[in-house]
Amino acid sequence: MRDARCAVGDADEGATVSYGPGVSHEVAVDEEFEKRLKAYEGRPAAVARAGKDPVNAPMIRHWCEAMGDTNPAYAGRDAIAPPTMLQVWTMGGLSGHTGRAHAYDELLGLLDEAGYTSVVATDCEQEYLRPLRPGDEITFDSVIESVSEQKTTKLGTGHFVTTRMDLRVGPDLAGTHRFRILKYTPIRRTERTEEPPQGRQQRPSQPEQEAKSSQSAPRHKPARPRPVVNRDNAGFWEGVRRRRLLIQRCTDCGGLRHPWLPGCNACGGMDWDTVEAGGEGTVYSYVVMHHPPFPAFDPPYAVGLIELAEGVRMIGNVLGVPCDKVRIGLPVRLEFQEYDEELVLPVWRAQDGTAQEGTYEHR
Ligand SMILES: [Zn+2]
């Protein structure tokens with residue numbers, strides 16, 4: 001952090017910022033740099049752009065189909081566009097918009113130079129002031145509304161940048177769309193501190209083709225989709241069937257990897273064995289699924305990208321905690337859940353104080 005700041009000034013003022021339970025780091029706050037960032041507030045990010053297409057029925061229909069939204073207000077003669085489509089009408093497509101203002105790019109460049117090279121979209125707020133109807137021609141302006149002071153989050157230290165887009169039909173303001181990103185320096189993770197547990201050394205032989213057996217799954221409720229089992233990952237699913245979570249280990253360089261692959265990304269080695277995961281992990285990232293509904297799934301449910309204590313990451317449902325209490329860094333523990341006679345999946349149960357048994361179950 002300090003190194004990155006040398007490029008823009010060295011008026012460091014130490015501040016202790018908490019990164020999470022029991023961990024704190026010295027973070028330098030550079031007032032001169034923060035002033036330069038603040039100067040971008042109120043500057044335009046886009047000026048008097050026009051939507052590529054007028055509000056139109058085909059795009060509304062596709063959206064409603066994708067979202068499973070059958071509200072009659074969005075079809076027929078007097079249809080309006082779903083309000084949540086607001087941003088759709090401003091999108092530039094693959095070729096983008098021309099004539100963009102430079103302030104936004106400049107600001108991001110400044111943050112890059114200062115070492116805040118990572119970016120994550122954090123949230124979006126919309127306000128709807130009048131309905132949009134097929135035929136409406138959209139114009140929009142966008143302004144850099146705010147640049148936060150330096151903040152430290154679980155992802156790392158950086159600055160939130162909020163842009164506000166105002167959408168108009170003729171002179172009328174139709175809605176606003178606020179979009180916030182965090183430009184940050186990721187927390188450097190310490191390399192794996194523990195040796196992986198002793199390998200079990202078995203390379204499973206000819207596992208069952210689970211995909212085939214799915215044909216006899218119960219029919220009364222649509223069966224949960226089966227994992228795609230192939231030659232490369234068959235050993236993983238055979239392990240799951242036996243209630244063991246196996247991580248592939250390169251026998252040339254010792255690197256652990258997931259998902260399973262025929263060779264090692266690090267050294268190119270083709271030989272491998274496995275180690276059994278201890279079952280401890282934390283939520284590295286997650287989504288809560290509300291829409292669209294899929295057969296065999298009951299939304300809302302939380303899907304986590306879990307970072308295992310061994311260092312690899314994998315995806316699975318997060319259980320034992322209400323969806324709105326799932327958070328990055330939440331400690332979780334491996335369980336195997338039987339969804340039907342033939343399907344067992346690894347899932348992750350919250351281990352935090354916030355976890356309330358039974359308040360959230362996903363079947
Ligand atoms: Zn290797």
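**Strand pairing and confidence in the predicted chain**

Strand S4 pairs with strand S8 (residues 172-186) in the antiparallel sense, over ten bridges. Two strands are taken to pair if DSSP finds at least two bridges between them. Helices (H or I, at least four residues) and strands (E, at least two) are DSSP runs, numbered from the N terminus. In this pairing, glutamate 127 stands opposite threonine 176 in S8. The structure is a predicted model, in which local features need pLDDT of at least 70 and side-chain atom pairs count only at pLDDT 80 or more, whereas totals for chains, interfaces and linings use all residues. Residue numbers start from 1 along each chain as its sequence is written.

S8 also pairs with strand S7 (residues 156-169), again in the antiparallel sense, here over 14 bridges. Threonine 157 of this pair faces threonine 185 in S8. S7 and S8 form a hairpin with two residues between them, and glycine 170 in the turn has a positive phi of about 60°.

The loop between strand S4 (118-128) and strand S5 (138-147) contains arginine 130. Burial was assigned from the number of other C-beta atoms, placed from the backbone, within 10 Å of a residue's own: 20 or more for buried, 12 or fewer for exposed, and in between for partly exposed. Arginine 130 has 14 such atoms within 10 Å and is therefore partly exposed. Contacts were defined as pairs of residues whose C-beta atoms, placed from the backbone, lie within 7 Å. With neighbours within four places in sequence left aside, arginine 130 is in contact with Asp172 and Ala174. The C-alpha atoms of arginine 130 and arginine 168 are separated by 9.7 Å, although the two residues are 38 apart along the chain.

Over the whole chain, there are six helices and 16 strands. Of the 363 residues, 22% are buried. Among contacts between residues at least 6 apart in sequence, 65% join residues at least 24 apart.

Helix H6 spans residues 234-241, and its buried residues are Gly235, Phe236, Trp237, Glu238 and Gly239. Arginine 243 follows H6 and has a positive phi, near 60°.

Three strands form an open sheet in the order S10-S9-S11, with antiparallel pairing. Strand S10 (256-257) and strand S11 (272-276) stand at the edges with a single partner strand each, so one side of each is left without a neighbour in the sheet. S11 pairs with strand S9 (residues 246-250) in the antiparallel sense over five bridges. Within this pair, isoleucine 247 stands opposite valine 275 in S11.

A barrel is closed by five strands in the order S12-S13-S14-S16-S15, with mixed pairing. On average, neighbouring strands of this sheet are turned by 50° against each other, direction ignored. The axes for such angles are lines fitted to C-alpha atoms, for helices over the stretch in contact, and angles run from 0 to 180 degrees between N-to-C directions. Strand S13 (residues 301-308) and S14 run antiparallel and are joined by six bridges. Glutamate 307 is placed opposite arginine 313 in S14. These two strands, S13 and S14, form a hairpin with four residues between them; in the turn, glycine 311 has a positive phi of about 110°.

The pairing between strand S14 (residues 313-319) and strand S16 (residues 343-350) is parallel, over two bridges. Valine 318 has tryptophan 348 as its bridge partner in S16, and leucine 319 has arginine 349. S14 is mostly covered, with five of its seven residues buried.

Confidence is given by pLDDT, the predictor's confidence in each residue, from 0 to 100. The chain has a mean pLDDT of 83, with 79% of its residues at 70 or more. Confidence is highest in S9, at 98, and lowest in helix H1 (residues 2-6), at a mean of 32. Over residues 190-219 pLDDT stays under 50, and the model has 44 contacts beyond four places in sequence for this stretch. Residues 354-363 also stay under 50, with 18 contacts beyond four places in sequence. Where pLDDT is low, the predicted coordinates should not be read in detail.

Definitions and conventions:
Two residues are in contact if their C-beta atoms, placed from the backbone, lie within 7 Å.
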